[in-house]
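Please find below a colleague's note on the structure shown here. It is set out in numbered points.

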Amino acid sequence: MSQAATTTTPPAAPGTTVVRADNLRQVYTIKKGMLRKPDQLQAVSGVSFSVQAGKTLAIVGESGCGKSTLARMVALIESPSAGSLQLSGIDVMNASAQDKRALRQKVQLVFQNPYGSLNPRKRIGQILEAPLEINTDLNANQRAEKARSMLALVGLRPEHYDRYPHMFSGGQRQRIAIARALMLNPALVVADEPVSALDVSIQAQVLNLLADLQRGLGLAYLFISHDLGVVRHIAHDVLVMYLGHTVEHGEKNVIFTRPLHPYTQALLGSTPGLAGSGPGRQRTVLKGELPSPLNPPVGCVFSTRCPYATDQCRRERPQLEELHGRKVACFEAERLSAPSTKGQ
Ligand SMILES: Nc1ncnc2c1ncn2[C@@H]1O[C@H](COP(=O)(O)OP(=O)(O)O)[C@@H](O)[C@H]1O
Ligand SMILES: [Mg+2]
């Protein structure tokens, strides 16, 4: 999109690391009444990644695996219980109040349900200008100008400026939410299931918009989805989560063409249009329920549902290790990926 390229200077030079997370954890304490010991729920158990300007890291996994918790930590809505987070090279946990304020503008969140986050009593123009009123010295004319050019950038029309959220379709509302997220020129957009509530045809339009905006503005995306079909079009890298843990992490093409973790294989195998019969595409069918994060399996978190689980898997927790060009946490991955067992 040429408009995007000329309207704003890139928030970060291509190749710069915009976000870096090291061993991020989130533990929630769940109270159970006065007399009983509270439970500790590990929603995210030590997740690490980085995202460069102009790139998209997709976080995938079933509902309840900790994706939104991770999103809230990266978007500075929640502080992690442990681990470290750097945004644009600044250590968030040890940043000054002034730096934190500046960092809050650098990362913006887009939610699944834009209607819930758009004030129904405000016109679109006001909604877009609110972040500018709070965080910038721009005057009313400058704010309106910026809002109007942002409307054009996300594919909406000038007359939409005076309309209310209920007058828009789901796809248009998501465009408005994206426009609002971009008003302060963030370097990173955390999008939590941004197209999951939309019809498939509309999903493609919003994904194309996100891709155009990324190219034009050099944005980094943390793109969260339970749907690998969606991720396939937008991700550069993929991180697969299961019960708060990273089970596989690497370049999208590497993971999609040869998934090594049985959980990744199961996710790909159950995604229409992605199930195949190549190496690593043996059909792993997910059996059983996701265990409760209040009572996770002792060994590998996936061992209770994994068709290849051994005694070691049920006893010990595998670490993420480099194997065939990506990181994977599975004792059996090497054996299962060996040529002699291919396609078994
Ligand atoms: N504020 C909270 N307090 C307690 N438990 C929570 C809270 N937020 C999320 N959880 C729990 O943490 C786990 C991960 O949730 P979430 O991050 O929403 O997963 P996802 O987005 O992948 O569906 C779930 O078991 C959920 O019930
Ligand atoms: Mg979620």
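How many salt bridges does a search of the whole structure find?

1. The search finds nine salt bridges, a salt bridge being a side-chain nitrogen of Lys or Arg within 4 Å of a carboxyl oxygen of Asp or Glu. This is a predicted model, in which local features need pLDDT of at least 70 and side-chain atom pairs count only at pLDDT 80 or more, whereas totals for chains, interfaces and linings use all residues. Residues are numbered from 1 along each chain as its sequence is written, chains are lettered from A and ligands numbered from 1 in the order in which they are written, and side-chain values use heavy atoms, with hydrogens and water left out.

2. The sheet is open and has four strands in the order β2-β1-β4-β5, with antiparallel pairing. Because β2 (39–52) and β5 stand at the edges with a single partner strand each, one side of each has no neighbour in the sheet. Helix α2 (residues 67–74) packs on this sheet and touches β1, β2 and β4, its direction making about 120° with that of β1. Helices (H or I, at least four residues) and strands (E, at least two) are DSSP runs, numbered from the N terminus; contact means heavy atoms within 4.5 Å. Axes are lines fitted to C-alpha atoms, for helices over the stretch in contact, and angles run from 0 to 180 degrees between N-to-C directions.

3. Strands β1 (residues 17–30) and β4 (residues 82–87) pair in the antiparallel sense over five bridges; two strands pair if DSSP finds at least two bridges between them. A21 has L85 in β4 as its bridge partner, and R20 stands opposite Q86 in β4.

4. β4 also pairs with strand β5 (residues 90–91), in the antiparallel sense and over two bridges. Here L87 has I90 in β5 as its bridge partner. The two strands form a hairpin with two residues between them, and S88 in the turn has a positive phi of about 45°.

5. R20 also forms a salt bridge with D22, the closest N and O atoms being 2.9 Å apart. R20 is partly exposed at 39% relative accessible area, as is D22 at 27%; buried means under 20%, exposed over 50%, and partly exposed in between (1.4 Å probe, protein chains only). Another salt bridge joins E78 and R72, with 2.6 Å between the closest N and O atoms. R72 counts as partly exposed, at 28% relative accessibility.

6. In helix α8 (residues 200–217), R215 and D212 lie three residues apart, about one turn of the helix. Their side chains meet in a salt bridge (2.9 Å, N to O). R215 is exposed, at 62%, whereas D212 is partly exposed, at 22%.

7. Which arginine is buried yet has no salt bridge? That residue is R175, for which the nearest side chain of opposite charge, D212, is 7.7 Å away. Lys and Arg count as positive and Asp and Glu as negative; His and the chain ends are not counted. R175 has its place in helix α7 (residues 170–182). Leaving aside residues up to four places away in sequence, R175 touches V154, G155, L156, Q205 and L209.

8. The structure has zero disulfides, a disulfide being a pair of cysteine sulfur atoms within 2.5 Å. The sulfur of C65 lies 14 Å from the closest cysteine sulfur, in C300, and is therefore too far for a bond. C313 is likewise in no disulfide, the nearest cysteine sulfur, that of C300, being 6.2 Å away. C65 is buried at 1% relative accessibility, and C313 is buried at 7%.
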